[in-house]
Amino acid sequence: MKFDAVYYEPAIFDYPLGRQLREEYRDLPWIPIESHNSIREMQEKPNDQFGHMKRNLIAGIRKTHKYVENHKVSDYLVPYTSSGCTAMCLYCYLVCNYNKCAYLRLFVNREQMLDRIIKKGKNSGTPLTFEIGSNSDLVLENTITGNLLYTIPRFAEEGEGKLTFPTKFHMVEPLLDLDHRGKVIFRMSVNPQPIIRKIELGTSGLKQRIEAVNQMCEAGYPCGLLIAPVILVEGWKEMYTGLLEELRDGLSDKMKSQMFLEIILMTYSYVHRAINSEAFPNAPDLYDREQMTGRGRGRYCYRAESREEAQLYLRQEIGRVLGNVPILYIS
Ligand code: SF4
């Protein structure tokens, strides 16, 4: 992956990953910063620079380690080795948190972060599942840092409970031979290819994602699929039925017999509208005045009637096309 520059906190060189990054990207300009949280030069850039801003790497040390309880596929959302991403999905939830500064930030103190997860798992009376990929895309990040190569075998050996992360990328080859002992749940996020092409800019195509999840399943990882986010654009019913048929035809028998589904309808926000209209003027406008309603703090979600219609349709079509696959939730 090509970057323009690395913005870095000088203390990153106290960590092995910081030194590894310096070696790997030594040909780029390195610009010292006080804190990865506030880079004035970036904050002052206009919205139309959003895509260009994502061509920088930001490297720092994660200081906040607050676990957030979660009751979907995991017990806790854990801030882990990165936040942000180099891709540009037009609805990316990270834009709500980081605004135009949703670029990829790498946190080099991975040893400390994994120590905490392992300790929390050991101290709990019951097995816990930790979601480590809610702030970024770890498969993409792994191509830069190798953090999954560090995390998976170490957690397999020392950790109790499970780790899990979702992805929209296919670069799983380096993960296939790792010693994971079934303790890492891999979740592939899918959408119809026309939506990937026009809206999930810079991510892997549907066919590559299907192939990747088949490979991970074959390698013994417990695997699931996220149909997320479901976007109710014109022709959505045909598109999502088409997606289910592609899954039926492309997923391996092993994957189909053991997988689970999570389904999430898209939410959007005022911030997305502002950034996307300037940074991607030719992209589809995802704000649908007819179907969406406010849900506080400048966020929008689909109205109750549209949500119910989508839920009903998807449940019926999943049953018809994929059979009795467990649907963990539709939200
Ligand atoms: Fe955001 Fe995930 Fe898309 Fe990256 S791949 S832009 S983290 S939604």
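**Figure 1. Crossing of helices α9 and α10 in the predicted model.** Helix α9 covers residues 206–218, and helix α10 covers residues 236–250. Their axes come within 11 Å and cross at roughly 40°. The crossing of the two helices, α9 and α10, is right-handed.

**Figure 2. Salt bridge between R154 and D115.** The closest N and O atoms of R154 and D115 are 2.5 Å apart. R154 belongs to helix α7 (residues 147–158), whereas D115 belongs to helix α5 (residues 110–123). The pair therefore ties together parts that are 39 residues apart in sequence. R154 is buried, its relative accessible area being 18%, which is under the 20% limit for that class. D115 has a relative accessible area of 39% and is partly exposed.

**Figure 3. Salt bridge between R181 and E157.** Here the closest N and O atoms, those of R181 and E157, lie 3.7 Å apart. R181 is in the loop between β10 (162–167) and β11 (184–190), and E157 is in helix α7, so this contact ties together parts that are 24 residues apart in sequence. R181 counts as partly exposed, at 48% relative accessibility. E157, at 57% relative accessibility, counts as exposed. Salt bridges with shared partners also join D115, R154 and E158 into one network.

**Figure 4. Salt bridge between R40 and E44.** For R40 and E44, the separation of the closest N and O atoms is 4.0 Å. R40 is exposed, with a relative accessible area of 61%. E44 also counts as exposed, at 58% relative accessibility; for both residues the class follows because the cut-off for exposed is over 50%.

**Figure 5. Aromatic pair F165 and F186.** A search of the whole structure finds 11 aromatic pairs. In the pair of F165 and F186, the ring centres are 5.8 Å apart and the planes stand at 85°, so the arrangement is edge-to-face. F165 in strand β10 and F186 in strand β11 are 21 residues apart, and the pair links distant parts of the chain. F165 counts as buried, at 0% relative accessibility. F186 likewise counts as buried, at 0%.

**Figure 6. Aromatic cluster of Y8, F13 and W30.** Y8, F13 and W30 form one aromatic cluster. Within the structure's 11 aromatic pairs, the rings of Y8 and F13 have centres 5.3 Å apart and planes at 45°, so this pair is tilted. Y8 and F13 are both buried. The ring of F13 also has a charged neighbour: the charged end of R22 sits over this ring, 4.2 Å from its centre.

**Figure 7. Charged side chain of K183 over the ring of F155.** K183 lies over the face of F155, at 6.0 Å from the ring centre. For comparison, the charged end of R22 is placed over the ring of F13 at 4.2 Å from the centre.

Conventions:
Residues numbered from 1 in each chain as written. Predicted model: local features only at pLDDT ≥ 70, side-chain atom pairs only at ≥ 80, totals over all residues. Heavy atoms only, no water. Salt bridge = Lys/Arg side-chain N within 4 Å of Asp/Glu carboxyl O. Buried < 20%, exposed > 50% of the residue type's maximum accessible area, 1.4 Å probe, protein only. Helix = DSSP H or I, 4+ residues; strand = E, 2+ residues; numbered from the N terminus. Phe/Tyr/Trp six-rings, centres within 6.5 Å; stacked < 30°, edge-to-face > 60°. Lys NZ or Arg CZ within 6 Å of the ring centre and 35° of its normal. Axes fitted to C-alpha atoms, helices over the stretch in contact; angles between N-to-C directions. Left-handed = near helix turned anticlockwise from the far one by under 90°.
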